[in-house]
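Could you walk me through this structure? I am new to it and would like to know what to look at, beginning with the ligand.

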Amino acid sequence: MNKKYRRVIIAGNWKMNKLPSEVKPFLEELKDAIPEHTPGCSIVLCVPATHLASMSREKHRRIGIGAQNVSQFDKGAHTGEISVDMIDDLGARYCIVGHSERRADNGDTDEIVNAKVHALLNRHITPILCVGESLEQRDRGLTIEHITYQVKAALYGLEPEQVKKVVIAYEPIWAIGTGRTATDEQAQEVCFAIRELLRREYSAMVSRKVCILYGGSMNAKNCAGLLAQPDIDGGLIGGASLKVEDFAVIVREGSRAE
Ligand code: PGA
């Protein structure tokens with residue numbers, strides 16, 4: 001496998017943090033802290049839906065706009081939901097789908113995740129599909145089995161050409177927000193297994209093209225080792241994306257890893 005077929009993606013996941021008014025100062029500081037050109041490395045910030053308009057106003061060519069969730073329905077009687085068209089209109093080019101926090105807090109099932117992936121791809125927005133095992137599943141040796149199930153379910157019914165456009169983020173639940181990162185080897189093992197699964201289910205070409213990220217307590221200190229792994233094409237970064245200095249270190253590392 002060769003990384004030259006893929007770009008690196010460094011994506012921040014702000015979760016439910018910061019205010020819309022904090023977007024502008026953050027972006028201004030970030031622009032100064034990252035390289036002027038990062039060819040081969042895409043930088044994305046996935047912000048709450050309420051912040052998308054500010055992101056879009058402050059839009060910068062170096063920083064892609066991402067949402068954290070979207071409705072699987074097109075439009076209509078779905079009070080409180082936000083459609084793919086709405087985030088598209090605000091300039092979102094990426095959207096996180098199936099994050100473990102949404103699976104746990106909001107009942108996003110594999111079926112719903114699959115519907116959201118379809119809805120996003122139909123509108124040419126890149127889904128960042130999150131998959132990951134619990135600590136119990138890891139301890140019982142069920143990691144690969146579980147990840148295989150989640151990836152297959154989320155991609156169900158897609159054409160190979162569409163699968164190439166999906167970004168997959170491997171996020172072990174036990175590593176999210178805990179400060180307990182997967183080791184480079186643990187993360188690489190699962191990302192490799194995902195790539196092998198794509199090769200078996202689709203083709204070698206599809207598996208070479210799909211960007212696979214690692215997420216779960218990635219930070220300025222541990223990012224270099226993780227990003228150096230052959231099957232890890234970037235990161236989905238929560239806590240460390242809230243501070244410009246930390247996120248900028250990861251972006252710089254990502255630009256080197258391309
Ligand atoms: P974390 O979150 O970096 O704070 O662990 C990652 C994520 O949940 O996307």
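The ligand sits in the second largest pocket. Here a pocket is an open set of points on a 1 Å grid over the protein atoms alone, with protein on both sides within 12 Å along at least five of seven lines, and a molecule sits in it if more than half of its atoms lie within 2 Å of its grid points. This is a predicted model, in which local features need pLDDT of at least 70 and side-chain atom pairs pLDDT 80 or more, while totals for chains, interfaces and linings use all residues. Residues are numbered from 1 along each chain as its sequence is written, and side-chain values use heavy atoms, without hydrogens and water.

Now look around the ligand. Of the 13 residues there (a heavy atom within 4 Å), Lys15, His99, Glu171, Gly177 and Ser217 come nearest. The shell is made up of four nonpolar, seven polar and two charged residues, with Gly counted as polar.

The protein covers 95% of the 280 Å² of accessible area that the ligand has on its own (Shrake-Rupley method, 1.4 Å probe).

The whole structure holds 17 salt bridges, each a side-chain nitrogen of Lys or Arg within 4 Å of a carboxyl oxygen of Asp or Glu. One of them joins Arg6 and Asp233, 2.9 Å from N to O. Arg6 lies in the segment before β1 (8–13) and Asp233 in the loop between α11 (223–227) and β8 (234–237), so this pair ties together parts 227 residues apart in sequence. Helices (H or I, at least four residues) and strands (E, at least two) are DSSP runs, numbered from the N terminus.

How values were computed: 1 Å grid on protein atoms, 1.4 Å probe; cavity = no way out; pocket = protein on both sides within 12 Å on 5 of 7 lines; lining within 4 Å.
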